[in-house]
Each structure stands twice: as structure tokens, then as C-alpha cells.
Amino acid sequence: MEFKDKVVLVTGAAGGIGIAAARKFAAEGAKLALVDLKMEALEKAAAGLDEALLLTADVADEADVKAYVEQTVAHFGRIDVFVNNAGINGDFKNIEEQTFENYSNVLNINVIGVAMGLKHVVAQMKSQGGGAIVNTASNGGLLGAPGMSAYVASKHAVIGINKSVALEAAPHKIRVNAVCPSGVDTQMMRSIEERATASGAENARETFESSVPLGRYAEADEIADLMLFLASDRASFITGAYYRIDGGGGATSV
Ligand SMILES: NC(=O)c1ccc[n+]([C@@H]2O[C@H](COP(=O)([O-])OP(=O)(O)OC[C@H]3O[C@@H](n4cnc5c(N)ncnc54)[C@H](O)[C@@H]3O)[C@@H](O)[C@H]2O)c1
């Protein structure tokens, strides 16, 4: 019961990684506040997590972000752990076919959404004397990928924000770390596979999986395990760090 009675706030909680993390925190005794765009999807994902506070918000809208933080504090009194995880991949196109709208949308959700989450949660954690934050970046925060410049830019930005906010927050006993997964077996990879198939790729899943040294996608639970470790007191001297969790993919680069 490593998180007994700790209040854990997760965004993107109707998605694969968010709900996997939420379930693991709950199994360790945490009280959950779960945020996503649509209540129906949240209720479905959170089935059986009867005590969880379910909140709808668009993380790209600061008023919504302020509201999900305030509602969590009104309900539970504090926020011990923040899993700043909501994200989209957007359209995959080479740069000359990219649209202003796609770039804006990806950066608004993946960068400004993450930054505004940090803004409001760090203020709360300061006032209560500490906390732990895990930002979801990506191996796309460390590597380039053709057709994915908007997503890649957004996840590089998450790592930069992660480092800077970790330095700002360290004197207040708030730790801020990031995870950098490669392909994880969630809805996000399904949409990437569908797009690859639509543009003529055969056996997209097999091709993607065989490019990973361990030969497969990660399970959402494997990413969740790293998030729990980083949020726990076992990681008490870790902050401003970002962790590759990529089946060995990053070992082929610097
Ligand atoms: N699946 C992968 O292969 C992979 C790899 C690396 C990083 N990631 C990152 O992990 C995080 C979680 O992704 P996932 O794999 O669980 O995907 P997912 O699509 O299953 O979940 C993402 C969730 O975020 C929510 N979301 C999207 N935009 C939102 C907004 N504006 N406001 C509130 N919620 C919003 C979605 O509704 C969805 O429930 C994302 O940040 C993603 O970029 C995923």
C-alpha cells in the first residue's frame, strides 16, 4: 500500500496509459481524481473504481485546467501525485503538407495543456508542502520521426518544460519527472497503425513491433509501473529526469 490515502490526479485517464496508471495507484491505496474529455469514456474506463472522482476537462483550456485542480482539492483536500498524461498524436504529414491547424492543435494539447497542468498543480503542491509529478513525454521527445514533426516537437517541449519546472519546484519539495515510452499497445498505436495501413503499409503492427529490439509494443501497465516508481518515495532523489522505456530502441542512438 505504497500510496495509501495519497491523492493522485491523472489526466488522459480514459486512455490506455492513464487508466493503467490509475488502477495501479488505486491498488496501492490511492484516492483518484481522473480527468478526460468525455464523461462517458471516463466512466467506461474507470469501471469498478467506485471512489474515483471523475472530471471532464479539455487540458488545452486553462479555465478547464484550473477547474479540475480546484475540484480535486475541494473533494480530497490536496494533490500528492499528478500524472500529467493527456496527449494526442495529430495528423502525420511531411512538413510541406502540415497545416497550421494541426500544429496548433498538437502543441495546444501536448505542450500548453501540460504546462497549464503544471502551473496549477505546482501552486497547489507548494501550498501543501510538496508532491510528485510525472509528465508523459515520448521517445518522440528524444528522436526525430518523419511525418511526425508536430508530435515530436511537442514531446521535445515536454522534456524541456519538465527540466525547467523541476528546477523551479525542487526548493518546494516537489519532484518533477518524465517518462518517454516508445509504441504502447493502446488506442494511440491503433490510430497510427490505421494511418500507416491507409497509406499503403502492409502488416503495420508487425512492422512497428519488429523495429523494437524487444520485438513488441509496451503494455500500458509497464509504463504505469515506471510512473508509480517515479511518483513514489523510492524515487525520493530523482527530479528533472526523463526515462526512456522503449524496449531498447533508444540504445541505437546517442
Ligand atoms: N501509445 C503510445 O504508443 C505512446 C507512446 C509514447 C507516448 N505516449 C503518450 O502517452 C500519453 C497517453 O497516451 P495513450 O497511449 O494512453 O493514448 P490514448 O489515446 O489511449 O489516451 C490519451 C487520452 O488523452 C485524452 N485527451 C486527448 N486530448 C485531450 C484534451 N484536450 N483534454 C483532455 N484529455 C485529452 C484522450 O481522450 C485519451 O483518453 C499521451 O501523452 C501520449 O502522447 C503514448
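Visitor: What is the order of the strands in the open sheet?

Guide: This is a predicted model, in which local features need pLDDT of at least 70 and side-chain atom pairs pLDDT 80 or more, while totals for chains, interfaces and linings use all residues. Residues are numbered from 1 along each chain, and side-chain values use heavy atoms, without hydrogens or water. Strands (E, at least two residues) and helices (H or I, at least four) are DSSP runs numbered from the N terminus, and two strands pair if DSSP finds at least two bridges between them. Here seven strands follow the order β3-β2-β1-β4-β5-β6-β7, with parallel pairing.

Visitor: Which strands stand at the edges?

Guide: β3 (53-56) and β7 (242-245) do; each has a single partner strand, so one side of each lacks a neighbour in the sheet. β7 pairs with β6 (residues 174-181) over four bridges, and Tyr243 in β7 is the bridge partner of Val179.

Visitor: Which strands does α8 touch?

Guide: Contact means heavy atoms within 4.5 Å. Angles, from 0 to 180 degrees, compare N-to-C directions of axes fitted to C-alpha atoms, for helices over the stretch in contact. α8 touches β4, β5 (131-136), β6 and β7, at about 160° to β6.

Visitor: How many residues has the largest nonpolar core?

Guide: Such a core joins buried Ala, Val, Leu, Ile, Met, Phe, Trp, Tyr and Cys residues through side-chain atoms within 4.5 Å; buried means under 20% relative accessible area (1.4 Å probe, protein chains only). The largest has 36 residues, with Phe25 and Ile223 among those with the most contacts inside it. α8 gives the most, eight residues.

Note on methods:
Buried means under 20% relative accessible area, exposed over 50%, partly exposed in between (1.4 Å probe, protein chains only).
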